[in-house]
Amino acid sequence: MLCEKCKQNKATVHVTKIQNNSKMEVHLCEECARKSEDMSFENPFTINNFLTGLLDSVQSSPIKVDYIKTTTCSKCGMSYGKFKQLGRLGCSDCYKTFNEKLMPLIKNVHGSQQHTGKIPKKEGSVIRLKRDIMNMRKDLRRAIDKEEFERAAQLRDKIKLLEKDLEIDN
Amino acid sequence: MPKWIDGEGPQNDIIISSRIRLARNLDEFPFPVALTTEKSKEVIKRVSDTILAGNTILKDDFKLTQMNEISNGDKQVLIEKHLISPSLVETSNKSGVMINSDESVSIMINEEDHIRIQCLFPGFQLKETWDLANKIDDIIEEEVKYAFDENVGYLTSCPTNVGTGIRASVMIHLPALTMIDYMNRILQAVNQIGFTVRGLYGEGSESEGNMFQISNQVTLGRTEQEIVQTLIEVTKQITNKENDARATLVANNKMKLEDRICRSYGILTNARIMNSKEALKLISDVRLGIDLGIIKDIDVKAINVLMVDIQSGILQKISERNLNTNERDIERANLIRERLKS
């Protein structure tokens, strides 16, 4: 069988594609197959570039043309284009550098943008304090809704104390 | 032999092992993907020192292996024992691993992230596994500053791991659900709650030996405890379904099932040439036979060990020589016959 594209070499690559429920068979020689966009062997499909494929589709604002070229992480030198290609960030600062692109992606993948789990023991005391205050404020609102005013007053006082601690820590 | 393979664990008939993996990075270094060889050596030193130069009981229990110091055969063995991932080997001049004496904990250094803490226990004990991983994480954090963000949590090289950085999983043997063609439905159901099921061996959704891995996909917005607890619930439900399916198979066609199991046992104990795909399939039948009391006198632990030992890397280690594919298939058949004879 000859290659369907160049019609010169022997077809050695046989691909069955299923698109919209219809089956399609393609027979190509190795060279044409390599060039063919349908099955780019040069860029194998990985979870990483699948993920970054979502990058520009999930965000709401239109992409600025020069974002890809100019946005580069100052700490590790990772460019947005490189990140899109690798699917991996270069350092912790990349999260800030590419924040506007990353956050919608993270939301899309995890359904959330807020970490609620473990906080580092040693470094996390301030964060832990902030989280405690946040949770207490929620409790306070609930208490007020339920008209449990005594409990609300207690919570309010506790929050005030913790907020003082936070000021000292900062 | 790692504890997960030949150790005692609750419910280890259907659930082979429980695993927790935590992804962590050091704040001051670029992630491994952007790390020079020189800097990566520094990271290995910094991370391994937290355990090996520390003053906890872990100090004498762990051993550091730099990936460029061991042979390809030894790397393959570590992969087949699930102590390291294949991608750790891809950058051997930059990576290392610390493993403890009973091989229940491995700490990969400079894989996709600087630190990957992995705890692997036999049977169904996810909470215990998480507790250990959590403690080791605390011990490492005593000495280093992690990359952590107030809002999105532990920062990881791939945004799919950000937040808790946790991947909780169980390895589970589901022959009856596979036989009655139920796996796709389970797959769809667990996907909806942020979990995934995939075949442990073989490509794509096909699983050789009916071994599956169930794990969380979502790492952000839920606590570690919530993720672990949900996996426990999911695993319990799937285990119940598997038991129901087994009971149905026995009730409807016991003789046919018994025939299949005994035939597989017969082939395993007599064949002279056996590739790993066939071996995994037949061993799955025998394991089911043991669970159902059809095959007696074989310990399920021996089956676990066999399942691991028939992989090409370990098989060559046991035979103490390099084998080509044909030689491996013969050696594999020999090993299986020998192990199942006694």
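Student: Let's start in β5(B). Which residue there is the bridge partner of B:Ile20?
Tutor: That is B:Cys119. Keep in mind that this is a predicted model.

Student: Okay. How many bridges join β1(B) to β5 in chain B?
Tutor: Eight. β5 covers residues 115-122, and the two strands run antiparallel.

Student: And between β1 and β8 of chain B, how many bridges are there?
Tutor: Seven bridges join those two. β1 spans residues 15-24 and β8 spans residues 166-173. They run antiparallel as well. For one pairing, look at B:Ser18: its bridge partner in β8(B) is B:Val170.

Student: How many residues of β1(B) are buried?
Tutor: 10 of the 10. So β1(B) is largely enclosed by the rest of the structure.

Student: What's the strand order in the open sheet of chain B?
Tutor: The order is β2-β3-β4-β5-β1-β8-β10-β9, eight strands with antiparallel pairing. At the edges are β2 (62-66) and β9 of chain B, each pairing on one side only. On average, neighbouring strands are turned by 20° against each other, direction ignored.

Student: Which way do side chains point in a strand?
Tutor: In a regular strand, they alternate between the two faces of the sheet.

Student: Which helix lies across β1, β8, β9 and β10 of chain B?
Tutor: Helix α8 of chain B, residues 224-268. The helix runs at about 10° to β8(B).

Student: Is B:Thr196 buried or exposed?
Tutor: Buried. Its relative accessibility is 17%, and the cut-off for buried is under 20%, so B:Thr196 counts as buried.

Student: What is B:Thr196 in contact with?
Tutor: Leave aside neighbours within four places in sequence. Then the contacts are B:Val190, B:Asn191, B:Gln213, B:Ile214, B:Ser215 and B:Gln217.

Student: New topic: the two chains. How many residues are in contact there?
Tutor: 42 residues of chain B are in contact with 34 residues of chain A.

Student: How much do chain B and chain A bury between them?
Tutor: About 3100 Å², with 60% of it on carbon and sulfur atoms. In chain B, the residues that lose the most area to chain A are B:Glu141, B:Glu150 and B:Pro159. Together they account for 19% of what that side buries.

Student: How many salt bridges are there between chain B and chain A?
Tutor: Five. One joins B:Asp138 to A:Lys118, with the closest N and O atoms 2.9 Å apart.

Student: Which elements of chain B supply at least two residues of the side that touches chain A?
Tutor: α5 (126-143) and β7 (153-154) each do. The largest share comes from α5(B), with seven residues.

Student: Last one: what is chain A made of?
Tutor: Nine helices and two strands. From the N terminus on, the elements run β-β-α-α-α-α-α-α-α-α-α.

Student: How much of chain A is buried?
Tutor: Buried residues make up 34% of its 170 residues. As for contacts in chain A with a separation of 6 or more, 36% of them come from residues 24 or more positions apart.

Technical notes. Residues are numbered from 1 along each chain as its sequence is written. Chains are lettered from A and ligands numbered from 1 in the order in which they are written. This is a predicted model: local features need pLDDT of at least 70, side-chain atom pairs count only at pLDDT 80 or more; totals for chains, interfaces and linings use all residues. Side-chain values use heavy atoms; hydrogens and water are left out. Buried means under 20% relative accessible area, exposed over 50%, partly exposed in between (1.4 Å probe, protein chains only). Contact means heavy atoms within 4.5 Å. Two strands pair if DSSP finds at least two bridges between them. Helices (H or I, at least four residues) and strands (E, at least two) are DSSP runs, numbered from the N terminus. Axes are lines fitted to C-alpha atoms, for helices over the stretch in contact, and angles run from 0 to 180 degrees between N-to-C directions. Buried area is the accessible area (1.4 Å probe) that two parts lose on being put together, summed over both. A salt bridge is a side-chain nitrogen of Lys or Arg within 4 Å of a carboxyl oxygen of Asp or Glu.
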